[in-house]
Amino acid sequence: MIAEAGLAALWLAASLSLLQMFLGWASVRPGQEAMLRFVRPLAVAQGLLAAFSFLMLIWLFLRTDLSVQLVAANSHSAKPWIYKFAGAWGNHEGSMLLWVTVLAVAGAGVSLFERKLRQDTHVATLAAQATISLGFYGFLLFASNPFTRIFPIPVEGNGLNPLLQDPGLAFHPPTLYFGYVGVSVAFSFAVGALVTRDVGPAFARAMRPWVLAAWIFLTLGIVAGSYWAYYELGWGGWWFWDPVENASLMPWLAATALLHSVTVLATRDGLRAWTVMLAVVAFSMSMIGTFLVRSGILTSVHAFAVDPQRGAFILMLLCLYIGGALALFGARVGTVKEGAAFDPVSREGMLVVNNLLLSIILGVVLVGTLYPLGVEAVTGEKLSVGPPYFNKAAGPVALVLVALMGAGPLLRWRRDSLRALAQRMAIPILVAAVSLFLVILLAPGIGVLPLLGLALAPAVAVASLAPLWGRNLRRTPLITWGMVVAHLGIAVSMAGMASESAFTKETLIAARIGQQASVGPWTIRFEGVEPVAGPNWTAVAARLVVRRGEGREILLRPQARMFSSPPTPTSEAAILTRLDGQLYTVIGEPDGQGRWQLRLWWKPAVTLIWYGGGLVAFGGFLSLIGRLRRGRKDKRQEAPEPAPAYQPGREALA
């Protein structure tokens, strides 16, 4: 009865979503604000029911209940429990139920904790959130039911895709979904504010924590996904511009622009229409990502679903939501009052420029991702748009963006001068010039983009620390610390990307037992292979003895695995991490003549890419904590003082 209980909870949640939507939109009319007390409990109950439904699905996977079609198709009794647990969302139906659950729980959070909005705007926001949820409930119940029973019950399940049998699966998809759903909440705020004509600082202050939380989770999800692909797929790269990778990058770019824009609106009452438009764009990118991953038009290790009917359903939702939002924006943008003015040379002006550059990069990625799909749909011809296009089109814009990011915090709000900015930028500019000279001197012949990246990264790191100069660090607000750490993380990641691109060494060899090879500063000796058995796989593991210079010998054991259910070969890289980089080793197939294919890479400073990404997310977390603390402090200050207790004779004393 577990599956039936989960399905019943899902139907009840969908029904409450429908009721919440109708009551919410009906309550937007003047004089109906009291309906908020009915809409809020509906949102909370819906969140609880959706969470219960998802817990039932997890229980089915942990029990390996093969009478449920989804479990039989994506699980196996011999699979370790961690993969049974994560397997609940390692498939199309389960991932969509996770999406809906997070969406419903987020709506419950808005209902319970949001107190900054006007009542009519709050009701409209909850109605918009219910409208989004209802479409996905319909998709689950009518096109992707995760609780469908099968008969006869199979003796054993098919198992999870071996490429997804990794601890990262328990972390990577949920963080991305939290980010996607946070963007949807920001979209609901924007729709609610447009409907009630309440676009202003109060609306922005209510939306900002959700945007910041979504941005943090998207950052963590992208960083985790990048490292998972790096060590799991065995191809030695950290980003391939795969369409599904781009599906997560595009909402992050839009959310980054939205985060800076909503900050300007919340603190300086500027960029009103731009903030609303970015909220619509960010949600649109998350919907496009959902369509790419689950429509069946892509073949990728990340992609789910191969049913065109499901793709058509999601495409219909995409057109309905995005088209409706754009129509609403077009109809109501004229009612959005102009915000406070500012000079072009100001922090607001720099944020506008940064937002435009982020939008350009977003456009480059969007065109490069969708163009091959459009050509194939029209002509039937398959095209591939790969790293050369993205690197050449987006790389220079990204460098300009990062350079301006370093200058932004040094500008004053409202109005400033270029001369004053040049004086404040003197030290970062000097650092950039010295770095450029040293890179040209010590590493001649590297590409232009890595050269500029290596020169720019130290300068941006120095500029990111500028807000701390001359301040009492103990009294510096967490919000400022968050900005500093996040910008420093961008500089660290840029240094890692440039170093990996400029200095990576690669060796491909067909090695006999006892043969040696070298890559970078490392010497590798191939000592043979040996069989290895895992819980649900067998493997051939190479014995590689590696040494750097005259240092000690270290044994690495890259594996070529074979999973039995479903039968799938995979490569498990063996990676040796040092402070200055990583030695990355992969074993391939034998050639029938006693030799084994070995792929060896030395990647200097590559770990800085993910350390920097972690710093970016940590900076966002510090800012979020700082914002929440400041919000509670402001709320306490605004609260009326309690009336003094009555004391007999007080009137006479007065």
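**Cores and a pocket**

Trainee: Which residues have the most contacts inside the largest nonpolar core?

Mentor: Such a core is a set of buried Ala, Val, Leu, Ile, Met, Phe, Trp, Tyr and Cys residues joined through side-chain atoms within 4.5 Å, where buried means under 20% relative accessible area with a 1.4 Å probe, protein chains only. In this predicted model, local features need pLDDT of at least 70 and side-chain atom pairs 80 or more, while totals for chains, interfaces and linings use all residues. Residues are numbered from 1 along each chain, and side-chain values use heavy atoms, without hydrogens or water. The largest core has 133 residues, and those with the most contacts inside it are F136 and F203.

Trainee: How many residues are in the other core, the one with I524 and A542?

Mentor: This core lies apart from the largest one. L576 and I587 are also among its residues, which number 20.

Trainee: Is S111 buried or exposed?

Mentor: S111 sits in helix α5. Beyond four places in sequence, S111 touches R40, A43, V44, H122 and L126, a contact being heavy atoms within 4.5 Å. Because its relative accessibility is 2%, S111 counts as buried.

Trainee: How much space lies in the second largest pocket?

Mentor: A pocket is an open set of points on a 1 Å grid where a 1.4 Å probe fits, with protein on both sides within 12 Å along at least five of seven lines, and lining residues have an atom within 4 Å of a point. Here 32 residues form the lining, with F113, E114, K116, P209 and L628 nearest the centre. They divide into 17 nonpolar, four polar and eleven charged. The space, counted as that filled by probe spheres set on the points, is about 1100 Å³.

Terms used: Ala, Val, Leu, Ile, Met, Phe, Trp, Tyr, Cys and Pro count as nonpolar, Asp, Glu, Lys and Arg as charged, and the others, Gly among them, as polar. Helices (H or I, at least four residues) and strands (E, at least two) are DSSP runs, numbered from the N terminus. Buried means under 20% relative accessible area, exposed over 50%, partly exposed in between (1.4 Å probe, protein chains only).
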